[in-house]
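Hi,

Here is the structure I promised to send over. Have a look at it first, and my notes follow below.

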Amino acid sequence: MTGTPVPGNGEDRAVRHVEEGFRRVFGADPDGVWAAPGRVNLIGEHTDYNDGFALPIAIPQNTLVAARRRRDGRLRLHSEQGEGPVIDLGVADLVPGAVTTWGAYPAGVVWALREAGHETGGADLHIDSTVPTGAGLSSSAALECAVAFAYGDLYGLGLTPSALALIAQRAENGFAGVPCGMMDQMASACCAAGQALHLDIRAGVHEQVPFAPETEGLRLLVVDTRVKHDLGDGAYAALRAGCERAAGLLGLAALRDLSPDDLPRAGRLLPAHLVPLVRHVVTENARVAEAVAHLRAGLVAALGPIISAGHASLRDDYAVSCAETDLVVDTALEAGALGARMTGGGFGGSVIVLVAEEHASALETAVTRAFRAAGYRAPHLFAVSPAPGARRLA
Ligand code: GLA
């Protein structure tokens, strides 16, 4: 099993590394170092833009930003992973569409802060990340949140983690042009170690729910399929539009306002192609409530069937699964997993698997073999425990 960095352990090394990178690129010491994690969602997929519920955890992989405030209004960006030289931008010139590379995410945060009326200026930012990109683990939210937290401190903005998450989401919607909901940024900003984050998007509230699979001899594995189907980009916006249209036709503000009992009536009123979308969102919101009740009762294993039912719904009703994620789920369940599902937007990316510790290694072998037999690239498997959300490290 691929080892994952444990929070705290290795953190000092990561801080030193990003500080050294900053000095190498910008020739000075940073004012500080901030981190924000990626996430996996336990249940509650494609519910956030329907004003609904979700239950993500932060993963131990982080994006680190070493940052130094500048007084001349320049925003200079450099990434250990990104290709190319330093990106040099004028804060006053930031407009949507002006930056089309990875720099759109940090630049978008600075733009969103200005749009929200916050007094900010320039900065030098050097970025270093262990969050896999394109794996459905929210590397962009981690980048946005790390920058938002850095700016919040550098400019003394006094913003709460949720307010910074909102800025990060605004950056992604308004500047990078991705019509995502709130889940990823809220997870990266507000998660806590050992806890899942129960999000109620409409109410704008979240609560921490203990999630400790290891106390029941269980493990949560992430299987990064290492595929991302291009189809995903346009399809996400189309699905979101479909949900909004269905809510409008039913005279509702959002699909959050429907309960499972309303489904037969909604089925009679809506055009046939919208019915499965609605069914997924409504049943998925109910699955979040059920999962939270089990966690509150300390019954982690009871999440298994809920997780698997979530996958069936995403595959059959929402149609955002794909051959690779289905293969992981089917193989994992055959190898004794308690539950498995794709996590995130879909069309590739990662699968989460809840499994008893004693079956974990045989399961890894089974998934790896199944991928080889299907002619797919070898997947990445790693275990995760709920990690802390965005914070200052130095
Ligand atoms: C992506 C989006 C989120 C959410 C998920 C699906 O990760 O960024 O806002 O909609 O897909 O649950």
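How many Å separate the centres of domain 1 and domain 2, taken over C-alpha atoms? The answer is 25 Å. Before the rest, some ground rules: this is a predicted model, where local features need pLDDT of at least 70, side-chain atom pairs count only at pLDDT 80 or more, and totals for chains, interfaces and linings use all residues. Residues are numbered from 1 along each chain as its sequence is written, and side-chain values use heavy atoms, with hydrogens and water left out.

Domain 1 covers 12-210 + 387-392 and domain 2 covers 213-384 (bounds from an automatic or database domain assignment). Their contact (heavy atoms within 4.5 Å) takes 37 residues from domain 1 and 43 residues from domain 2. Together they bury about 3100 Å², 62% of it on carbon and sulfur atoms (accessible area, 1.4 Å probe, lost on putting the two parts together, summed over both). On the domain 1 side, Ile43, His46 and Tyr49 lose the most area, together 22% of what that side buries.

There are also 4 salt bridges between the domains (a side-chain nitrogen of Lys or Arg within 4 Å of a carboxyl oxygen of Asp or Glu). Elsewhere in my notes, Asp257 and Arg202 meet through their side chains in a salt bridge at 2.6 Å, N to O.

Then there's an open antiparallel sheet of 3 strands, ordered E2-E7-E8 (strands are DSSP runs of E, at least two residues, and helices of H or I, at least four, numbered from the N terminus; strands pair if DSSP finds at least two bridges between them). E7 (residues 195-200) is joined to E8 by 6 bridges, with Leu197 opposite Gln208.

Cheers
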